Amino acid sequence: MPARLIAYPPETAAITRWIAVGGRLRIGRAADCDLVLEHPSVSRVHAELSHDGQRWQLRDLGSKNGSHIDGIAIDDAALALPCWLRFGDVHCDLAEFNDAQSNGLRLRQQQRRDFSLALTRRVGAEADHTRLPDEVLRGVVELADCSRGFLLLASGGDYVVRASVVLDPAALRSRVFSGSIGAVERALAQRQPVVVNEVARSDWAAERASIVDSGLKSLICLPLLDGPRTLGAIYADRRTPGEPITQFDLELLSAFAESAALWLLARSAVEALDDAPRWSTIVAGPHGSTP
């Protein structure tokens, strides 16, 4: 049966690779590897995963920080699937799928692409600009397979809550949501998406008691950008197990967020926030960059 390897680089989206029976996958930091893990703990050419027609095999290729199977360091070993692998500090999940299961997962991916296109058309055609932030947020929550979230937009040097799903905007000021705000602050400061699939393996998320205590499984925060300007951010999370947020998902979400930023600008949603509650004490302002 084919196998799926899911790699969980810290602080970014998961990476998936399918390996056929009799196939081979070279793993490392170098650009010509089959699975590129851009993390300093991973060697340029780190390890090789292969199937000889009978069994799965993992061979370390002289890496600096080693390869591990279920926590045990190996040089060359047969695998019993499913199992956890680790290359340097990057954890991976390896499991076999029969043809029906693998085809189902690939079909799901195509369905998500189709859903993203349909959602983009639907939100882009929204005639009522006052509903646009809510529609954009719900789109991200659905695309990320999350259950709740909120959208912040810049206004007068502060950030304001413009939409929320299953969250009370007033409650977001409390310590219970400090981890969520921490994710927003990271996304705004880095001007890059923040993705956490495994809270326990995230250096910063695992230190946030509000994230750990609430039992969050996954979270994502997307900055809304217009060139050098930061318009705001969209945050979503879930507390139930599910498929990881992958690079494929992040590409769909980032494209949707980019379109959302244009829609929000075009329909003057940012300028319509004068009466919304201020968040200057929760999230740092956009460093003098206002719409």
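Reader: At what angle do helix α2 and α5 pack, and how far apart are their axes?

Author: Helix α2 (residues 132–143) packs on α5 at about 180°, and the axes are 11 Å apart. Axes here are lines fitted to C-alpha atoms, for helices over the stretch in contact, with angles from 0 to 180 degrees between N-to-C directions. That makes the pair roughly antiparallel (over 145 degrees). This is a predicted model, where local features need pLDDT of at least 70, side-chain atom pairs count only at pLDDT 80 or more, and totals for chains, interfaces and linings use all residues. Residues are numbered from 1 along each chain as its sequence is written, and side-chain values use heavy atoms, leaving out hydrogens and water.

Reader: Which residues of α2 and α5 meet?

Author: From α2, Leu132, Pro133, Val136, Gly139, Val140 and Leu143 meet Leu253, Phe256, Ala260, Trp263 and Leu264 of α5 (contact is heavy atoms within 4.5 Å).

Reader: What about α1 and α5, how do their axes cross?

Author: Helix α1 (residues 99–124) and α5 (residues 247–266) cross at roughly 5°, their axes coming within 11 Å. So α1 is roughly parallel to α5 (under 35 degrees).

Definitions and conventions. Helices (H or I, at least four residues) and strands (E, at least two) are DSSP runs, numbered from the N terminus. Angles under 35 degrees count as roughly parallel, over 145 as roughly antiparallel, 65 to 115 as roughly perpendicular and the rest as oblique.
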